[in-house]
Number of protein chains: 2
Amino acid sequence: MKKPSTLFFDVNETLLDLGFLKEKITSALDDRGELVSLWFSTLLHYSLVANTIEAYKDFGEIGVAALQMVAAGNDITLKKQQAEAAVIIPFKKLQPYSEVRTSLLVLREQGFRLVALTNSSQKGLEEKLEFAGIADCFDTLLSCEPVQKFKPAPEVYNWAMTTIGVLPENAMMIAAHGWDIAGAQNAGMQTAFINRPGKEQYPLVPEADYVVDDLSQLASVIK
Amino acid sequence: MKKPSTLFFDVNETLLDLGFLKEKITSALDDRGELVSLWFSTLLHYSLVANTIEAYKDFGEIGVAALQMVAAGNDITLKKQQAEAAVIIPFKKLQPYSEVRTSLLVLREQGFRLVALTNSSQKGLEEKLEFAGIADCFDTLLSCEPVQKFKPAPEVYNWAMTTIGVLPENAMMIAAHGWDIAGAQNAGMQTAFINRPGKEQYPLVPEADYVVDDLSQLASVIK
């Protein structure tokens with residue numbers, strides 16, 4: 001496979017551990033930690049409902065709505081303001097996985113151009129990468145916001161590649177989500193799946209070109 | 001509001017109780033019943049991933065893939081064949097909620113044309129409504145299959161209305177899912193949300209025109 005020139009990184013769960021956010025969500029859901037994955041899945045589902053009915057909202061706002069739905073559906077009392085407090089700020093206070101900063105710097109030294117490409121808002125993206133101490137590792141920070149669609153919509157990947165000025169065959173999407181890998185494949189990009197805890201590829205599309213445990217392993221295999 | 005001529009009914013959870021299916025899913029997931037909602041949410045999410053990347057598959061097949069993902073993501077060993085056994089047949093062996101048959105007959109007597117409109121396959125739809133003993137209550141049974149997109153894609157509602165020969169303002173979508181209500185609104189239909197256990201409207205779109213506890217209540221308010 002041709003060595004890519006540009007690496008596009010998904011952010012939430014791929015680079016950043018949702019641990020702190022999950023604590024806040026658990027607490028908002030009456031300590032029912034088993035509902036946290038349902039909340040995130042509901043958020044992802046409704047991000048695509050928003051795509052489908054052309055009703056784009058900030059990813060965090062959909063996260064708040066999803067939390068209200070999961071709470072109400074499980075007989076948990078949660079005011080909108082409480083749901084906002086559990087989602088909006090904590091989503092920007094996430095730690096990177098331990099190998100992330102070093103590996104991004106190694107990849108950059110290897111000559112790759114590094115781009116963050118996220119469903120979070122542009123402001124949210126900048127704030128969360130600053131907090132995580134990795135904003136300076138990237139050449140460009142891109143949110144799907146200007147497209148008003150969420151990944152895996154092809155428009156998002158196509159817009160991102162056009163913005164950077166890279167052809168799909170020279171671009172690689174790196175993500176810990178099966179749906180993001182599937183979307184990038186659909187847009188003609190190379191793909192690498194990061195095998196984070198609890199994350200799985202979608203069995204009904206081809207495997208990612210690379211499947212690795214973390215970014216340091218990725219740096220070894222694509223150099 | 002103008003009285004609609006034609007009522008389109010979502011099937012899974014709106015008419016049919018997923019109880020039996022949930023038992024099978026729970027069993028496949030090492031009795032971890034708390035993962036069943038995550039499975040269904042993952043199925044719905046990936047049905048829209050399929051829409052987005054134009055990779056339509058049978059809803060049941062996506063259900064199997066989602067079950068494999070939830071199992072693997074939670075360190076549960078589950079072979080593809082076991083996942084299929086837990087999803088495909090049980091999805092066709094569901095009981096209707098208690099008021100459904102009587103209420104459908106009442107609505108029909110009131111002069112409404114009744115249409116089932118589901119994300120399940122055409123064959124699956126026919127088999128499950130036969131098993132549930134309510135197939136004869138409908139004028140027409142429609143699956144999204146010919147459109148190769150899942151609800152809430154506008155194409156599905158538009159195709160269904162064209163097939164029946166009804167204008168959006170004379171059509172009402174009846175569903176227990178916020179995303180289905182949002183999709184029908186987007187297609188210009190009237191809407192009624194059935195407040196089934198654990199089901200919630202999507203807070204970021206307008207409320208449904210009618211919100212009722214069950215179909216008998218619907219029959220009272222729209223007659």
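Me: How many salt bridges does the rule find across the interface of chain A and chain B?

Reply: The model is a predicted one. A salt bridge requires a side-chain nitrogen of Lys or Arg within 4 Å of a carboxyl oxygen of Asp or Glu. Across the interface of chain A and chain B, the number of pairs found by this rule is zero.

Me: How many residue pairs are in polar contact between chain A and chain B, and what share of the buried area is on carbon and sulfur atoms?

Reply: Between chain A and chain B, the count of residue pairs in polar contact, with both residues at pLDDT 80 or more, is five. The two chains bury about 3,100 Å² between them. The share of this area on carbon and sulfur atoms is 73%.

Me: Which element supplies the largest share of the side of chain A that touches chain B?

Reply: The contact involves 35 residues of chain A and 35 residues of chain B. On the chain A side, α2 (36–52), α3 (59–73) and α8 (178–186) each supply at least two residues. The largest share, ten residues, comes from α2(A).

Me: How do the residues of the side of chain A that touches chain B divide by class?

Reply: The classes are nonpolar, polar and charged.

Me: How are the two copies related?

Reply: Chain A is superposed on chain B by a rotation of 180 degrees, with 0.0 Å of shift along the axis and an RMSD of 0.0 Å. The two copies are therefore related as by a two-fold rotation axis.

Me: Through which surface do the copies meet?

Reply: Of the interface residues of chain A, 100% are also interface residues in chain B. The copies therefore meet through the same surface.

Me: How is chain A divided into domains, and how far apart are the C-alpha centres of domain 1 and domain 2?

Reply: The domain assignment of chain A gives domain 1 as 6–17 + 95–222 and domain 2 as 19–92. Domain 1 of chain A gives 21 residues to the contact and domain 2 of chain A gives 16 residues. The distance between the C-alpha centres of domain 1 and domain 2 of chain A is 23 Å.

Me: Which residues of domain 1 of chain A lose the most area to domain 2 of chain A?

Reply: Domain 1 and domain 2 of chain A bury about 1,500 Å² between them, with 57% given by carbon and sulfur atoms. On the domain 1 side, three residues together make up 36% of what that side buries. The residues that lose the most area are Gln148(A), Lys149(A) and Phe150(A).

Me: How many salt bridges are there between domain 1 and domain 2 of chain A, and which helix gives the largest share of the domain 1 side?

Reply: The count of salt bridges between domain 1 and domain 2 of chain A is three. The side chains of Glu127(A) and Lys92(A) form a salt bridge, at 3.1 Å from N to O. The largest share of the side of domain 1 that touches domain 2, five residues, comes from chain A helix α6 (residues 122–132).

Me: Where is Pro152(A) placed?

Reply: Most peptide bonds are trans. The bond from Lys151(A) to Pro152(A) is cis, with omega near 10 degrees. The place of Pro152(A) is in chain A, in the loop between β5 (140–143) and α7 (154–164).

Me: Where is Glu54(A) found?

Reply: Most residues other than glycine have a negative phi. Glu54(A) has a positive phi, near 55 degrees. Glu54(A) is found in the chain A loop between α2 and α3.

Methods
Residues are numbered from 1 along each chain as its sequence is written. Chains are lettered from A and ligands numbered from 1 in the order in which they are written. This is a predicted model: local features need pLDDT of at least 70, side-chain atom pairs count only at pLDDT 80 or more; totals for chains, interfaces and linings use all residues. Side-chain values use heavy atoms; hydrogens and water are left out. Contact means heavy atoms within 4.5 Å. Buried area is the accessible area (1.4 Å probe) that two parts lose on being put together, summed over both. A polar contact is a pair of N or O atoms within 3.5 Å; within protein, one must be able to donate a hydrogen and the other to accept it, and residues adjacent in sequence count only if both atoms are side-chain atoms. Helices (H or I, at least four residues) and strands (E, at least two) are DSSP runs, numbered from the N terminus. Ala, Val, Leu, Ile, Met, Phe, Trp, Tyr, Cys and Pro count as nonpolar, Asp, Glu, Lys and Arg as charged, and the others, Gly among them, as polar. Copies are superposed by least squares on the C-alpha atoms of residues with pLDDT of at least 70 in both. Domain bounds come from an automatic or database domain assignment.
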